[in-house]
Amino acid sequence: MKHKDHYNDQYILDLSEKLTQAIPDFPATIFSNELIGNLEDKELFARFDFIVDALEKNLSENYSENIQAFYKILGPELEQSTGMFSFGWWLWPIGRYVERHGNENWQVSLDFLKELTKRFTGEYAIRPLLKEHPQEVMDELIRWSQEDNVHVRRLACEGVRTRLPWSEKIFVALEEFDRYAIILTNLKDDPEKFVQKSVGNNLNDLYKDAPEKADYLISEWQKTPSSKAQEWIIKHGLRNQKKSEA
């Protein structure tokens, strides 16, 4: 089953029911009728955008009010680092809505993404916030990089990648490098492979856009005692450098 096929007519009915539980006057029938039968010919992100278009038409014009309703439908947190796409996939259009409208109240959005990412990734939705409020959001991500929750730590890192797949490039990591370096340094010995992979992917991206900064970051880390996690992260970050040298 292709991932896009999860977002079908039954999904729309289920989402409508959830939204009605959170928003008693939500026009579920109108929302559903706009979408049912109109998703099959669309690819994954086109389906998301079609769903978000319908959400915009049928939700309140008060963004913060809508976010408060979304809190009510999030469901339980993931109990481990895996399972994001197995259990939380249905929340992707909600994240897409925040991605589109988040800067209407970036602080409300940031708080919500911290909870969203405990069920499904917020890595795409956080990028518009980073572009508009780089210093403030990066300062918050520094705090997130020290959180107990693995998904929050991972989002602190994954969202700031310069070349995140399925997303436009952003260069906040280069423009706010001191803050970016603190985030990655806080996570360089993280015990969770889920986070380690994100840090390594950041280094890999950094080598494509500012290799001298990547070299500097690794050299700073190597001045302190190493760990298996750090060694794996550096190896993962250098993987394409070794290929190019060969």
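Q: How do α12 and α14 lie relative to each other in this predicted model?
A: In this predicted model, α12 and α14 are oblique to each other. Helix α12, residues 177–187, packs against helix α14, residues 211–221, at an angle of about 45°.

Q: Is the crossing left-handed or right-handed?
A: The crossing of α12 and α14 is right-handed.

Q: Which residues make the contact?
A: From α12, the contact involves Phe177, Ala181, Leu184 and Thr185. From α14, Lys213, Tyr216, Leu217 and Trp221 take part.

Q: How does that contact divide by class?
A: The contact of α12 with α14 has 6 nonpolar residues, 1 polar and 1 charged.

Q: Turning to the largest nonpolar core, which residues touch the most other members?
A: Ile126 and Leu141 do, in a core of 79 residues.

Q: Which helix gives the most to this core?
A: Helix α3, residues 44–58, gives the most, with 7 residues.

Q: What does Leu141 touch?
A: Leaving aside residues up to four places away in sequence, Leu141 touches Ile126, Leu130, Ala156, Val160 and Ile183.

Q: Leu141 is in α9; which residues of that helix are buried?
A: In α9, residues 134–144, the buried residues are Val137, Met138, Glu140, Leu141, Ile142 and Trp144.

Q: What covers them?
A: The cover over the buried residues of α9 includes α7 (106–116), α8 (126–132), α10 (150–158), α11 (172–175) and α12.

Methods: Residues are numbered from 1 along each chain as its sequence is written. This is a predicted model: local features need pLDDT of at least 70, side-chain atom pairs count only at pLDDT 80 or more; totals for chains, interfaces and linings use all residues. Side-chain values use heavy atoms; hydrogens and water are left out. Axes are lines fitted to C-alpha atoms, for helices over the stretch in contact, and angles run from 0 to 180 degrees between N-to-C directions. Helices (H or I, at least four residues) and strands (E, at least two) are DSSP runs, numbered from the N terminus. Angles under 35 degrees count as roughly parallel, over 145 as roughly antiparallel, 65 to 115 as roughly perpendicular and the rest as oblique. A crossing is left-handed if the near helix is turned anticlockwise from the far one by less than a right angle, and right-handed if clockwise. Contact means heavy atoms within 4.5 Å. Ala, Val, Leu, Ile, Met, Phe, Trp, Tyr, Cys and Pro count as nonpolar, Asp, Glu, Lys and Arg as charged, and the others, Gly among them, as polar. A nonpolar core is a set of buried Ala, Val, Leu, Ile, Met, Phe, Trp, Tyr and Cys residues joined through side-chain atoms within 4.5 Å. Buried means under 20% relative accessible area, exposed over 50%, partly exposed in between (1.4 Å probe, protein chains only).
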